[in-house]
Amino acid sequence: MTHLSCKKFLVILFLLVAFSLLADAEKPALLKLRYNENYSPTYDEVIEMYKQLDATYSQARLIEAGLTDSGRPLHTFVISRSGNFDAETIRSEGKTVVLINNGIHPGEPEGIDASLEFADDILRNKDGMGAWLEHSVLVIIPVYNIGGALNRSAYNRSGQTTPYETGFRGNYGNLDLNRDFTKCDSENARSFTRIFQYWNPDLFLDTHTTNGSDHQHAITMIPPQPDQFPGTMRDFLRKTFLPGLYREMGNGQYPLIPYVDYFYEDVRDGIRGGQEGPRFSSGYAALFHSYGMMTENLIYASYSDRVRSTYDFIRSLVKLSADHQQEILASRKKGIEESMTAGKFSLSYEIDTTRFQMIEFHGYEVDRQQISPVTGLPRLGYDRNRPFTASIRYYDTYKPLLEIDIPDYFVVPQAWKPVLERLALNKVEYRVLERDTIIRVLVDYLDEVTSQNRPYNGHFFHSQVLTRSEIQEVRYFAGDWIIPVRQERIRYILEMLEPKARDSFLRWNFFDSVLDQREYFSSFGFEENALRTLEEFPELKKGLEERRKTDPEFAKNHRAQLQYIYENSPWLEKSWKRYPVGKIMGRLEY
Ligand SMILES: [Zn+2]
């Protein structure tokens, strides 16, 4: 290298370094959010702002991602430093994926504002935040419940005074989308499932607002409940992730506490940690070994504090996703292995009242004699002039309540197409029977199924299910599905196909057609066959005669005797009350 070309080289090097520093330098904010004026953007304004960010930054892209019940498409806004937006490539690079869902309840819009501001800030590298994108990719659903967001009014949230206008809780099909993650009645939920399965997020956040009680915390959290995860994931949550999140928030302006779920009448006696089932967003995420959580802003805090505290939460979450990149990925991988090799699976849990930790709580004294400005009568309220700080008990340990032996295969007849569609949507692996086959399976009889007497989110949910098991040889047809249970989606498979699981397909009415009888008998039409049946089964005949001797009422009752014959012979259809999904414990042989 000559002296001159060396100089030239140094100049080029200097320019390159200067340019890259410039590229990393903080840029001015692009978006003008108005949460300080108690204004949250409309749906169209939100999408317009994300389009602006997309047009400005090559590291961001707004992508249409399936339809919603409103006919409008769902979007994802992806922030990926490499400029690569393909999930598979991103995952193969070993980056953590953080998925944030906003506006599931559009009357609770803090996350909509906070995500916009955070996206703007991380893209412009405010305070060096862009460095986290070396380790993580961020996927934001700007507004999930689009139909509800378009149904905007000042009269949608009676407990809330700001922002002045918000969307409505139900979607265009009037469903609460935060009950729809497994039954998937809405187009929104089906699109969400595709998004979730495509990105397979390591961390998942769903943003909400609550009005339960008044205290000094602008933001609370429903964390991923550690005890429903396999050991490695539970330990990572308890020892690293959750303490890290509380610490990170504690360093800022908005100390984080768990969602205030009263365990006792007086909050000073303790609060309880919740465990969200699969119908909820965070519970759904847990089925896929994803760390899912919800923020719950307190509606009595100012809108600006609610947005800023959610912003801080997102900031803390993304920071942790980068700081603990390897542990997050490794714990999930190990957790999946642990689930796949477990012997037992718990279908339900109960809180352990002997175990708690102490947390610092900033509250307001309860006043049971506050005078209502509306009625002039005394009512319960909180006295904001009497704040207090106390160390309180937080009960957050759950223990298994109903454990089952994990079957090795489920056999699902193709007649239950809506079930197969949902299994496929959630990327469950299966094989199809190639020919009609008789398989020896364990079947559950649904002895008692008690339903709620009013519709709940479009269903008569079965709140109580009692079963009894039997081994039977059952005929299946070519095209029926065999599902090996010990696969990556084992938790989803068990929670959906075990009839007694808390949000199983059975509970949500997908199998109701087996609950009533298709054949029966008439009092004189059955006689010829009944006579033949008694000849055919001497034990039955003996049983009938015994019963006549011991039960005089029965002896005088013609129909009761025919019923006895009908119910204790092959005339009674085996498929009545038989849960159609068969189980195979052990090797698959047919
Ligand atoms: Zn909500």
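These legends accompany close-up views of a predicted model.

**Figure 1. Overall view of the predicted model.**
The protein has 590 residues, and 40% of them count as buried. Its secondary structure comes to 16 helices and 21 strands. Along the principal axes, the C-alpha trace spans about 110 × 80 × 45 Å. Among contacts with a separation of 6 or more, 77% join residues 24 or more positions apart. The domain assignment lists three entries: domain 1 (48–340), domain 2 (406–517 + 575–584) and domain 3 (527–567).

**Figure 2. Domain 1 meets domain 2.**
The centres of domain 1 and domain 2, taken over C-alpha atoms, lie 31 Å apart. Domain 1 brings 20 residues to the contact, and domain 2 brings 17 residues. On the side of domain 1 that touches domain 2, helix 6 (187–199) and helix 10 (325–341) each supply at least two residues. Helix 6 gives the largest share of that side, four residues. By residue class, this side of domain 1 holds seven nonpolar, five polar and eight charged residues.

**Figure 3. The largest nonpolar core.**
This core has 118 residues. Those with the most contacts inside the core are Ile 79, Val 98, Ala 119, Val 139, Phe 410 and Ile 493. Helix 9 (residues 303–323) gives the most to the core, eight residues. In soluble globular proteins, nonpolar side chains tend to be buried together.

Ala 119 is one of the core residues with the most contacts inside the core. Leaving aside neighbours within four places in sequence, Ala 119 is in contact with Leu 53, Phe 77, Ile 79 and Ile 140. Leu 123 lies in helix 4 (residues 110–123). Leu 123 has 24 C-beta neighbours inside 10 Å, so this residue counts as buried. With residues up to four places away in sequence set aside, Leu 123 touches Leu 53, Tyr 57, Gln 59, Ala 60 and Ile 79. Leu 53 and Leu 123 are 70 residues apart along the chain, and their C-alpha atoms are separated by 8.4 Å. Leu 53 and Ile 79 are among the contacts of Ala 119 and also among those of Leu 123.

Strand 3 (residues 96–101) and strand 4 (residues 136–141) pair in the parallel sense over six bridges. Val 98 stands opposite Leu 138 in strand 4. Val 98 is also among the residues with the most contacts inside the largest nonpolar core.

**Figure 4. Strand 6 and its two partners.**
Ile 219 and Met 221 point one way from strand 6 (residues 219–222), while Thr 220 and Ile 222 point the other way. All four residues are buried. Strand 6 runs antiparallel to strand 9 (residues 291–298), and four bridges join the two. Ile 222 has Met 294 in strand 9 as its bridge partner. Strand 6 runs parallel to strand 7, with two bridges between them. Here Thr 220 has Ile 257 in strand 7 as its bridge partner. Between strand 6 and strand 7 the chain crosses through helix 7 (residues 231–250), in a right-handed β-α-β crossover.

**Figure 5. A buried loop residue, Ser 40.**
Ser 40 sits in the loop between helix 1 (3–24) and helix 2 (43–56). There are 29 other C-beta atoms within 10 Å of Ser 40, so the residue is buried. Leaving aside neighbours within four places in sequence, Ser 40 is in contact with Tyr 35, Pro 109, Ile 112, Asp 113, Pro 163 and Thr 166. Pro 163 lies 123 residues from Ser 40 along the chain, yet their C-alpha atoms are separated by 6.4 Å.

Notes:
Residues are numbered from 1 along each chain as its sequence is written. A nonpolar core is a set of buried Ala, Val, Leu, Ile, Met, Phe, Trp, Tyr and Cys residues joined through C-beta atoms within 7 Å. A residue is buried if 20 or more other C-beta atoms lie within 10 Å of its own, exposed if 12 or fewer, and partly exposed in between; C-beta atoms are placed from the backbone. Two residues are in contact if their C-beta atoms, placed from the backbone, lie within 7 Å. Domain bounds come from an automatic or database domain assignment. Ala, Val, Leu, Ile, Met, Phe, Trp, Tyr, Cys and Pro count as nonpolar, Asp, Glu, Lys and Arg as charged, and the others, Gly among them, as polar. Two strands pair if DSSP finds at least two bridges between them. A crossover is right-handed if, with the strands pointing away from the viewer, the path from the first strand over the helix to the second runs clockwise.
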